[in-house]
Every structure is written in C-alpha cells, then in structure tokens.
Amino acid sequence: MTARGRITDPLRAGGITLTVIAVLAVLGIWRTPYDPTAFAVRLRLAAPTLAHPFGTDEFGRDVLSRVLAGAHLSLAIGFGAMLVSLLLGVPLGLLAAFDRGWLGAAIMRAADLAISLPPILLGLLILAVTPPSLGKTILAVGLVYVPIMVRLARAVALGLLEEDFVQAARARGEGAVSILVREILPNAWPPIIVECGLRVTFAILLGASLSFLGLGPQPPSSEWGLMIAESRQFLDQAPWLALAPGLCLCALLVAVNATGEGLRARLDPSHG
Amino acid sequence: MGGYVVRRLLSVALVVFATSLLIFAIVHILPGNVAYAILGEYATPSAVATLQQRLGLDDPLWLQYWRWLHGVLRGDLGPSLVMDRPAGPLILEALGRSAILASIAFAIVAGGGIALGVHAATHQGRISDRVMTLAQFVFIAVPDFFWAILGVMAFAAGLDWLPATGYAPWGDGALAWASHLVLPVTVLSIGLLAHVSRLSRAAMLEALRSRYVLMARAKGMSERRVLWRHAAPNAMLPTITILAIDFGLLIGGVVVVETVFAYPGLGRLLVFAIEHRDLPLLQAGMLVLTTIYALANLAADIGYAVLNPRIRYGAAA
C-alpha cells in the first residue's frame with residue numbers, strides 16, 4: 001500500500017472519523033446540548049438556527065441532541081451484531097473443521113440452511129414474534145451473519161491444518177486443543193478480522209433498516225433509523241428531521257466501510 | 001448437466017422443507033402465545049380459548065405442523081386472520097406487484113452493473129473509473145430507506161414530478177403505472193448497482209491480468225475479441241455468485257422500499273402481518289419468499305454450471 005500514512009488512506013481516514021463518531025456517541029449517552037427528551041411546545045418543527053443547528057422536531061425536541069443521544073445505538077447494533085456472529089460463528093466453524101464426524105457435518109448443514117434464508121427475513125421472523133428491543137435487534141442481526149462466519153472460520157482452519165507448522169505440531173504430539181489455541185487461532189485472525197470489518201457496515205445497515213420498519217428500539221428512543229421513520233410525515237415541512245439522522249448514518253457507514261476496506265487492503269494482500 | 005440440475009432441485013426441495021420447519025418453529029415455539037399475540041394482552045380467557053380452538057392451537061405441535069404442511073402442498077397457504085381471507089390469493093396478488101418492481105430493478109442491477117464494471121475495468125485509472133469508484137464507495141453505504149426519503153423529498157415534495165407513494169394498476173394508463181414505479185425501482189437498484197459494478201470490475205480486472213488473456217493478446221487477437229471471448233465469460237462466474245447474493249439483499253430492499261412508498265407488494269404485506277400480528281399470513285408469506293430465494297439460488301447455480309465446464313461435467317460439485 002503506497003497510501004500508508006497519508007490522509008487518503010481509507011484505514012486512516014475511516015478510523016479517525018469512526019473514532020470521532022464513537023467519542024461523540026459515548027459522550028451523547030450522558031451529555032447533549034439540550035435534554036433530548038424535553039418537549040418545547042413553542043419551538044415545534046423549528047428550522048435549524050444557531051441555537052438548534054439541526055432544528056427541532058414535532059415536540060420541539062432539539063434534533064442535534066436527539067441525534068447525539070441515539071448515536072451509540074447504531075454503533076451498538078453494528079459492533080454488537082459483529083460480536084455475536086464472531087462469538088458464535090468462530091467456535092462453531094473451528095469445531096466443524098476439527099470434527100470430521102457427524103457433528104462437523106451437522107454444523108455445516110445448519111449453516112447452509114441458515115444461509116438459504118434471505119438475510120432480512122431471518123431478522124424479521126425473530127423480531128416479529130417477540131416484542132422488539134435493542135438487544136433483540138442486535139441478536140437478530142448477529143444471527144444473520146453467524147453462518148457466514150462459520151464457513152469462513154472453517155475454511156481458514158482447514159487451510160491452516162494442512163500447513164507444515166501444524167503438521168509439525170502434530171508430529172511433536174501436541175493435542176487438538178493446544179494446536180487450536182497455539183497454532184490455528186494466532187494465524188486465523190487476519191481473514192476473520194477483515195470479514196468482521198466488512199460485516200459491521202452491513203450489520204449497521206440491516207439494523208437501521210429493521211429499526212426503520214419499527215422492529216428495533218422503540219420510541220422515545222432516538223435510534224437513527226427510527227428517527228428517519230418518524231420524520232416521514234413531516235418531509236415537506238421539516239426536511240431536517242430526516243436529513244440530520246440520515247446524513248449522520250451515512251457518515252458513520254462510510255467511515256465504517258472505509259475502515260473495513262482499509263483493513264482488508266492492509267491484512268489481505270490478495271485484494272490489494 | 002441433467003443430473004446436476006436434478007440434484008440441485010432436490011436440494012431446493014430439502015431447503016424449503018427445512019425452512020418451513022424453521023419458520024413454523026420460530027412462530028410457534030418462541031415465547032409469546034399466538035392467540036394472545038393476535039388478540040392483545042387484555043383478551044378475555046374465553047376469547048383466547050375460542051381462537052385457540054379455531055386455529056387448532058390446542059393440538060400437539062407436530063399435528064399443527066403436519067396440517068400446515070399438508071395444506072401448503074395442496075396449495076392452501078392458510079388464512080389471513082386480520083383480513084379474514086385465505087392468505088394464498090392475497091400473497092399471489094401482492095407477489096405479482098412485487099415481481100414487477102423486483103424484476104425491473106434486478107434487470108437494471110445485472111445489466112447496468114456488469115456494463116459499468118466492464119467499462120471501469122477497461123478504463124482503469126481514467127476519470128470515469130475514478131468517479132465510479134468513489135460513487136460506488138459512498139453509494140454502498142447509504143441505506144435504501146434514506147435514498148427513498150431523499151427521492152421523495154426531491155422529486156415528490158420538492159419538484160412535484162413524481163407521486164410520493166402508492167401504486168397505479170396498468171389499467172390507469174401506462175404513464176400513471178410507470179410514474180409510480182420510477183422512485184421505488186431507482187431506490188431499489190442504486191445500492192446494488194454500486195455493489196455489482198464494483199465486484200464485476202474486480203472480477204474483470206482479474207481476468208484481464210490472467211495468462212490466457214496474455215496468450216490471446218500475444219497471438220494477435222483483436223482487443224475486442226479478447227475482451228468478449230476470453231475475459232468477460234470468466235469474469236461472469238464470480239459476478240453470478242454476487243448477483244445471487246444480491247438477490248437476497250434485493251428481497252430485503254423490497255420490504256423496505258414497499259413500506260416507504262406504500263407499494264402494495266409482498267414486502268409490505270409481510271410488514272402488515274407483523275404489525276397486526278397476523279402470524280398465519282406471516283408464516284405463509286415467509287415461506288413463499290424463501291422458496292423464491294431458493295429458486296433464484298438454483299438459477300444462479302445453473303447459470304454458473306452453464307458457464308463453467310468444470311461443474312457441467314461433474315468434476316466438482
């Protein structure tokens with residue numbers, strides 16, 4: 001990568017933007033310019049001013065404060081779902097690579113089946129039957145990506161099992177657990193990290209879409225997808241209601257995507 | 001080839017059967033009583049009992065599943081509780097309208113994506129390639145529903161050129177019909193177009209770097225022939241896989257886009273079923289969508305086999 005260290009390097013630019021958003025999001029849980037839930041009847045649907053840079057909503061709530069207060073939710077869905085797929089998918093994938101018997105086969109058939117469902121349907125199905133909440137959205141989005149992680153972890157582990165250093169460890173008489181922890185895991189993480197980086201973008205997208213459909217955090221939460229859904233009836237009077245959370249969501253997604261692509265360029269030379 | 005198709009068809013049947021079990025299990029076993037879900041938590045016990053009896057919810061699960069499966073195999077998808085009509089015709093009607101939306105969008109995504117990808121790969125580093133690379137990078141990251149909001153803001157609320165929502169049947173005239181499709185189709189295509197063109201560019205670049213292309217050029221073959229006879233067919237293989245994956249994303253997009261534009265298709269019907277706790281309708285709609293997705297994957301696999309002789313002759317399955 002000749003771009004290493006330059007500001008045009010996607011990993012650097014994305015990483016910096018993502019850090020700024022993450023800091024604002026964490027701060028936004030406790031501190032926002034105004035109380036994000038405070039109604040101000042006389043300030044309903046006020047256009048952006050210096051005092052309210054993103055305007056106010058139909059209850060007179062400050063949109064900037066709401067956007068800040070809701071930022072951590074999108075991050076939580078994206079990274080939480082990634083973590084769910086990682087924690088469930090990688091062990092299952094490694095198990096499938098090690099176990100050549102019925103267990104490994106069963107895991108792979110289950111992954112094949114889960115992958116044959118369109119991604120949004122699995123999420124819809126889980127969220128439809130039980131009352132929606134943030135935790136369930138994270139779980140539903142995470143489960144969608146578990147089979148992909150299973151396949152990846154298995155493929156990586158199978159490749160590594162053929163390598164000389166693993167054969168050597170075997171010849172030394174190391175046990176399966178030792179081979180797994182000392183030989184496979186340290187060498188398996190680059191492709192898995194790359195996949196995670198790219199998955200976070202899709203996880204945030206899917207989470208925001210589910211939330212937009214009313215299957216995520218519920219009002220008065222200011223999750224960005226939900227805010228955009230609520231803004232729909234005021235599109236011609238108060239476009240800032242949709243634009244503020246929407247543009248922030250886009251900025252977040254572009255930053256996450258850039259970071260993921262940058263990671264891939266750094267860790268996976270074949271995709272330079 | 002025939003054997004391959006039969007094997008894949010059998011696996012589609014198996015997948016649909018297994019997903020029917022999965023859908024049924026999620027709807028019936030997850031916490032939350034179906035009758036309460038339908039009637040609300042303040043329902044009287046007698047109303048719940050009546051409904052449970054009407055729906056056969058007192059029977060053992062395997063019997064309920066068997067009854068459902070038996071109905072589905074005879075073409076009876078069960079009832080819609082909220083609309084008090086058979087779900088089958090409702091779904092079929094909505095599916096037809098969704099199919100119009102999805103097939104136009106998919107044609108744009110497949111045709112446009114491959115054309116843009118090939119153009120970018122053969123003009124690597126030029127202005128058009130760089131502009132496209134940047135646009136793809138940004139477009140992939142913008143959610144469908146936000147494109148939809150922007151589209152409505154600009155062309156319906158702002159310029160008043162297009163209707164913001166709704167659907168006009170063909171009988172209302174071609175112009176009304178088409179004008180209701182422009183925004184949904186555009187929104188549905190835009191993100192996937194970026195995705196497909198980006199990956200078909202990568203596939204094409206890889207093919208152009210290969211030794212068979214070098215060989216073809218070395219023996220003096222015209223560049224056009226090298227491109228369309230050697231590079232493009234090989235670059236199509238990964239692109240077909242991408243298109244199959246994107247078909248799944250397209251289904252997700254259809255659900256979102258139909259909701260935003262109040263377009264009466266299958267996606268909106270599913271969201272309606274969720275909002276109104278119409279679980280039998282939800283179950284039936286999900287099964288239909290999964291079947292379509294499995295068939296689309298089958299089509300992709302067959303397309304792959306047609307282009308790839310190694311699979312066609314059964315060397316690798």
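Trainee: Which residue just after H10(B) takes a positive phi?

Mentor: This is a predicted model, so read the angle as computed. The phi is about 50°. The residue that takes it, just after H10(B), is Ala262(B).

Trainee: What does helix H10 of chain B span between its end C-alpha atoms?

Mentor: H10(B) covers residues 223-260. A straight helix of 38 residues would span 56 Å at 1.5 Å a residue. H10(B) spans only 46 Å.

Trainee: Where does H10(B) bend, and which proline follows?

Mentor: The bend is about 40°. It sits at Ala232(B). Within four residues comes a proline, Pro233(B).

Trainee: Is Ala13(B) buried or exposed?

Mentor: Ala13(B) lies in helix H1 of chain B, residues 2-29. Ala13(B) has 12 C-beta neighbours inside 10 Å, so it counts as exposed.

Trainee: How many Å apart in space are Ala13(B) and Phe272(B)?

Mentor: In sequence, 259 residues separate Ala13(B) from Phe272(B). In space, C-alpha to C-alpha, they are 28 Å apart.

Trainee: Which element gives the largest share of the side of chain A that touches chain B?

Mentor: The contact takes 30 residues from chain A and 39 residues from chain B. On the side of chain A, the elements giving two or more residues are H4 (119-129), H7 (176-212) and H9 (240-267). The largest share is eight residues, and it comes from H4(A).

Trainee: How many residues on that side of chain A are nonpolar?

Mentor: One residue there is charged. Six are polar. The nonpolar residues number 23.

Trainee: What ipTM does the predictor give the complex?

Mentor: The pTM of the complex is 0.84. Its ipTM is 0.81.

Trainee: Which element of chain B has the lowest mean pLDDT?

Mentor: Chain B has a mean pLDDT of 83, and 93% of its residues reach 70 or more. Among its elements, helix H5 (residues 87-122) has the highest mean, 90. Where pLDDT is low, the predicted coordinates should not be read in detail. The lowest mean, 65, belongs to residues 34-39 of chain B, helix H2.

Trainee: What percentage of the residues in chain A are buried?

Mentor: The C-alpha trace of chain A spans about 80 × 50 × 30 Å along its principal axes. Buried means 20 or more other C-beta atoms within 10 Å. Of the 272 residues in chain A, the buried ones make up 50%.

Key: Residues numbered from 1 in each chain as written. Chains lettered and ligands numbered in written order. Predicted model: local features only at pLDDT ≥ 70, side-chain atom pairs only at ≥ 80, totals over all residues. Expected span 1.5 Å × (residues − 1). Bend = angle between axes of the 7 residues up to and from the residue. Contact = placed C-beta atoms within 7 Å. Nonpolar A, V, L, I, M, F, W, Y, C, P; charged D, E, K, R; others polar. pLDDT = per-residue confidence, 0-100.
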